[in-house]
Protein chains: 2
Amino acid sequence: MSSTELSEKDLAYLREAIKVSQQARDEGQHPFGCIIVDENDNVIMSAGNRVPDGDVTQHAETRAVGLITKTRRDLEKCTLYTSTEPCAMCSGAIFWSGIRRMIFGLSNENLIKLTQKSGECPPLYINSRDILGAASHPIEVVGPYIEDEAIIPHKGFWDGGR
Amino acid sequence: MSSTELSEKDLAYLREAIKVSQQARDEGQHPFGCIIVDENDNVIMSAGNRVPDGDVTQHAETRAVGLITKTRRDLEKCTLYTSTEPCAMCSGAIFWSGIRRMIFGLSNENLIKLTQKSGECPPLYINSRDILGAASHPIEVVGPYIEDEAIIPHKGFWDGGR
């Protein structure tokens, strides 16, 4: 999908999430990042992956949802922007957070093309829409967008090029 | 499903997970609990829900996987026993943990019958087999079992009877 259909604001926030994914890589973690923005355009949370240093649940989105819901549970009007499509665990975390809008960059299909030869990130062939579409309330899922930019932090990472 | 088809050992561990779910309720948390048992029958992790005190990602299974994988990532031969069928988030966490066998008590369908009128646990109409069946490696999913026992910690909880 080209970036033309995304608003300038959404595009800027998605690029911010991609920046967070690059930072995660630079810090020796897996190249995934996300931000949460409230209805007044405040970035209320930014989180990168912490699986190598932390534990296997510390994906960017599950981490961001865990951190923000320690203090807030009124997130219906927020949007979560994420550099790569959330996995099943993270889609579940987004559901439990109450956030009703999620925008992602790189698709799960295209991520799997990069990671399938790497033991660290075995493929899980189910997409965020399969999960968030099973919610009892509507959750808007928007993506993939600017995959050419979202893929950059992954370049060479999964084939041992670190 | 009756308990007859489950081995005595599996049945005993599933009852242990149900005890953990009762303890979680007694401690003011949501009534969910799980344990992880290794190939030598060591209970290497036991975790109850901590959503009210912690954050929305602190379901029993995601918590257990997070805690154990801080120190161990060799969990292929382990079995995770859980009082109630894992949600999408927890099924994803089980996938990322590498655990290849999961046994649950109360089914997601029967949980939803209890929780759907409670705002705290909105229904998500996707089951653990939908997610774990999408893995690239085989993960054995066993359940529901002894639902009459697994439901007890939930009795009166979701209709304000705390």
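The two copies meet through the same surface, because 100% of the interface residues of chain A are also interface residues in chain B. In this predicted model, chain A can be laid on chain B with an RMSD of 0.0 Å by a turn of 180° and a shift of 0.0 Å along the axis. The copies are thus related as by a two-fold rotation axis, and among the residues of chain A it is A:Met89 that comes closest to this axis, with its C-alpha at 1.9 Å.

**Strand β4 of chain B and its partners**

- Strand β4 of chain B, which covers residues 101-106, has five of its six residues buried, so it is largely enclosed by the rest of the structure.
- Strand β3 (residues 79-84) of chain B runs parallel to β4(B) and is joined to it by four bridges, with B:Phe104 in β4(B) as the bridge partner of B:Thr82.
- Together with helix α3 (residues 88-97) of chain B, the strands β3(B) and β4(B) make a right-handed β-α-β unit.
- β4(B) also pairs in the parallel sense with strand β5 (residues 140-142) of chain B, over three bridges, and here B:Arg101 stands opposite B:Glu140 in β5(B).

**The annotated residue A:Glu61**

- The UniProt record places the feature "active site" at A:Glu61, a residue found in helix α2 (residues 60-68) of chain A.
- With a relative accessible area of 5%, A:Glu61 is buried, and its contacts, leaving aside neighbours within four places in sequence, include A:Cys34, A:Thr82, A:Glu85 and A:Cys90.

**Salt bridges**

- A search of the whole structure finds 16 salt bridges over all chains.
- One of them brings together the side chains of A:Arg15 and A:Glu149, at 2.7 Å from N to O; as A:Arg15 lies in helix α1 (residues 8-26) and A:Glu149 in helix α6 (residues 147-150) of chain A, the pair ties together parts that are 134 residues apart in sequence.
- A:Asp55 forms a salt bridge with B:Lys70, the closest N and O atoms being 2.8 Å apart, and because the former lies in the loop between β2 and α2 of chain A and the latter in the loop between α2 and β3 of chain B, the pair joins two chains.
- A:Asp55 is buried, with a relative accessible area of 2%, whereas B:Lys70 is exposed, at 52%.
- The side chains of B:Glu16 and B:Lys19 meet in a salt bridge of 3.4 Å, N to O, and these residues, three apart in helix α1 of chain B, are separated by about one helical turn.
- A:Asp10, A:Arg101 and A:Glu140 are linked in a network of salt bridges.

Definitions and conventions:
Residues are numbered from 1 along each chain as its sequence is written. Chains are lettered from A and ligands numbered from 1 in the order in which they are written. This is a predicted model: local features need pLDDT of at least 70, side-chain atom pairs count only at pLDDT 80 or more; totals for chains, interfaces and linings use all residues. Side-chain values use heavy atoms; hydrogens and water are left out. Buried means under 20% relative accessible area, exposed over 50%, partly exposed in between (1.4 Å probe, protein chains only). Two strands pair if DSSP finds at least two bridges between them. A crossover is right-handed if, with the strands pointing away from the viewer, the path from the first strand over the helix to the second runs clockwise. UniProt positions are given in the numbering used here, feature names are shortened, and annotations may be inferred rather than shown by experiment. Contact means heavy atoms within 4.5 Å. Copies are superposed by least squares on the C-alpha atoms of residues with pLDDT of at least 70 in both. A salt bridge is a side-chain nitrogen of Lys or Arg within 4 Å of a carboxyl oxygen of Asp or Glu.
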